[in-house]
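Work through the following exercises with the sequence and the model side by side. Each task is followed by a solution that goes step by step.

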Amino acid sequence: TFSVPNYFMNLFYMDNGDGGNEFGLIAPRIEFWIAMTVTLTIGALFSTCLSCIIYHFIILPRKQHKINKDEKRNQNHLESSSMTPLIVGFGIVMPLCALSPYFIVRYFLIKNK
């Protein structure tokens, strides 16, 4: 701990009446850093899983569709678009992104002190 003279405390209107105030520095708690590491790791794993789903069900089919479109251009075939990327994107990925934080907070009992 360290003491601050009354003169400096009067400058900031923080006087407790005994001629000075005493302040101290406390060490950071390890629980905070463990919780922060776990939270960031869970977020990274969740993002990795979602990115794999997005790649396999949205990006890859569009790449294949573009390749097939270039091949079929000369054959005058009618093309049909797939609804799978839209269903995966708007039916699975977006609800997971919107609702998962609430479930994670409840499951891990995260509270503001």
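**Exercise 1.** Does Phe-32 count as buried, partly exposed or exposed?

*Solution.* The model is a predicted one, in which local features need pLDDT of at least 70 and side-chain atom pairs count only at pLDDT 80 or more, while totals for chains, interfaces and linings use all residues. Residues are numbered from 1 along each chain as its sequence is written, and side-chain values use heavy atoms, with hydrogens and water left out. Begin with the cut-offs: buried means under 20% relative accessible area, exposed means over 50%, and partly exposed lies in between (1.4 Å probe, protein chains only). Phe-32 has a relative accessibility of 45%, so Phe-32 counts as partly exposed. Trp-33, at 47%, likewise counts as partly exposed.

**Exercise 2.** Find how many aromatic pairs there are, and classify what you find.

*Solution.* Rings of Phe, Tyr and Trp (its six-membered ring) pair if their centres lie within 6.5 Å, and planes under 30 degrees apart count as stacked, over 60 as edge-to-face and the rest as tilted. By this rule there is one aromatic pair. The ring centres of Phe-32 and Trp-33 lie 4.9 Å apart and their planes meet at 80°, so this pair is edge-to-face.

**Exercise 3.** Determine how many disulfides the structure holds, and examine Cys-52.

*Solution.* A disulfide is a covalent bond between the sulfur atoms of two cysteines. The test used here asks for a pair of cysteine sulfur atoms within 2.5 Å, and the structure holds zero disulfides. For Cys-52, the closest cysteine sulfur is in Cys-49, and because the two sulfurs are 6.7 Å apart, they are too far for a bond. Cys-52 is partly exposed, with a relative accessible area of 40%, and Cys-97, at 42%, also counts as partly exposed.
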